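The following note concerns strand pairing and charged side-chain contacts. Please read it beside the coordinates.

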Amino acid sequence: MSTATVTNYAALPTIYRRVRAYFAPVNRVQQIPSIFDPSQVGQFSLDAPPAPWIDLGWIENFSRKSTTAVSALSSGVPSVAQYQVRETMGATISFRFEVWNKLTMALAAGSQHMNLIQPATGSPVNGSGTKGIAAVSVQGGSSVTSVNLNAPDIGPFSTGCLVTVDIDYTGQTGFVGSGVSAAYVRSSAAVNNDPDYIRRVSFNVARVAQVTANGLQLAQPLLAGAPASGMKVQPIVGFVDREGGTFFQEWSAVFVLPGEQEDRVIFHYPRLQAMQGAEESADILATPLERIALNASFRALPVADGNDGEQVVCFRSFLPGSATLV
């Protein structure tokens with residue numbers, strides 16, 4: 001005689017502790033965002049997001065708001081609402097990044113985000129960084145986590161340094177930057193025909209874990225993948241952003257609320273642009289120590305849903321736990 005196992009299903013509340021943020025590039029040239037399909041990858045490991053999503057860790061003070069306006073169409077005497085229409089459509093979100101890095105700074109600031117290239121001796125001072133030391137060519141056989149160099153070119157690099165890897169600027173106009181549209185160039189004169197300009201704004205950056213006889217081993221994969229032919233590398237000392245400018249960063253985003261009962265809430269914004277300038281806020285840890293967080297606020301922009309062509313700005317998904325009534 002067999003005995004069946006009976007599961008006691010229940011309608012359970014969703015309880016979560018924190019929110020995890022993931023971002024991915026938007027192809028600005030072809031106007032194609034990164035799409036997250038919850039039916040295929042909704043249960044991904046939070047520590048190993050599917051490509052091309054980049055894990056930006058746990059965030060704080062997550063708040064989202066619909067700015068869609070709904071109005072009634074009325075007719076008759078007396079006038080009575082017969083239909084409803086959406087007059088405007090929109091959404092905004094805000095939160096705080098706990099960690100400072102290249103991407104969180106760029107997202108929170110919204111405009112061009114620049115790499116501070118190691119300065120050449122005698123270069124004039126400049127607020128967003130000055131002329132850098134000469135870039136050196138990446139050799140064949142490089143990978144997403146290694147940059148092969150000719151032996152004489154290894155000198156400027158050391159274990160633990162930061163590097164930017166991208167092509168020379170040779171007069172290109174429009175969006176520039178490998179892997180991510182990092183800036184928009186209107187004319188070569190506007191960027192002083194600087195051969196280092198693309199590397200100055202590139203998101204293709206990494207920490208050097210080890211310098212070897214053949215080049216650089218990286219502590220993290222390059223965002224644009226294995227270096228392409230013609231790319232060069234320069235050491236950088238940090239990052240800088242600016243209040244102002246005309247360029248807007250645009251990224252796709254996924255926010256995950258992992259429930260305590262195996263359930264999961266996911267918010268997917270295919271297109272987000274920052275709607276405020278750079279801003280920080282402090283938390284007192286223990287006098288006189290303070291923790292500085294990056295405040296971020298975004299406006300959602302529309303995409304067409306491939307299932308029915310409707311214009312939307314956000315997808316909200318709920319993946320119930322195994323014992324949750326639906």
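1. Two strands pair if DSSP finds at least two bridges between them; strands (E, at least two residues) and helices (H or I, at least four) are DSSP runs numbered from the N terminus. On that basis, strand S6 (residues 113-117) and strand S14 (residues 232-241) pair in the antiparallel sense over five bridges. Histidine 113 stands opposite aspartate 241 in S14.

2. The model is predicted: local features need pLDDT of at least 70, side-chain atom pairs count only at pLDDT 80 or more, and totals for chains, interfaces and linings use all residues. Residues are numbered from 1 along each chain as its sequence is written, and side-chain values use heavy atoms, with hydrogens and water left out.

3. Four of the five residues of S6 are buried (buried: under 20% relative accessible area; exposed: over 50%; partly exposed: in between; 1.4 Å probe, protein chains only).

4. The whole structure holds 13 salt bridges, each a side-chain nitrogen of Lys or Arg within 4 Å of a carboxyl oxygen of Asp or Glu. In one of them, glutamate 260 meets arginine 17 at 3.2 Å, N to O. Glutamate 260 lies in the loop between strands S15 (250-258) and S16 (264-274), and arginine 17 in the segment before strand S1 (19-25), 243 residues apart.

5. Arginine 291 forms a salt bridge with glutamate 60, with the closest N and O atoms 2.8 Å apart. Arginine 291 is in strand S18 (residues 289-300) and glutamate 60 in strand S2 (residues 54-66), so the pair ties together parts 231 residues apart in sequence. Arginine 291 is partly exposed at 24% relative accessibility, whereas glutamate 60 is buried at 16%. A network of salt bridges links Glu60, Arg96, Asp283 and Arg291.
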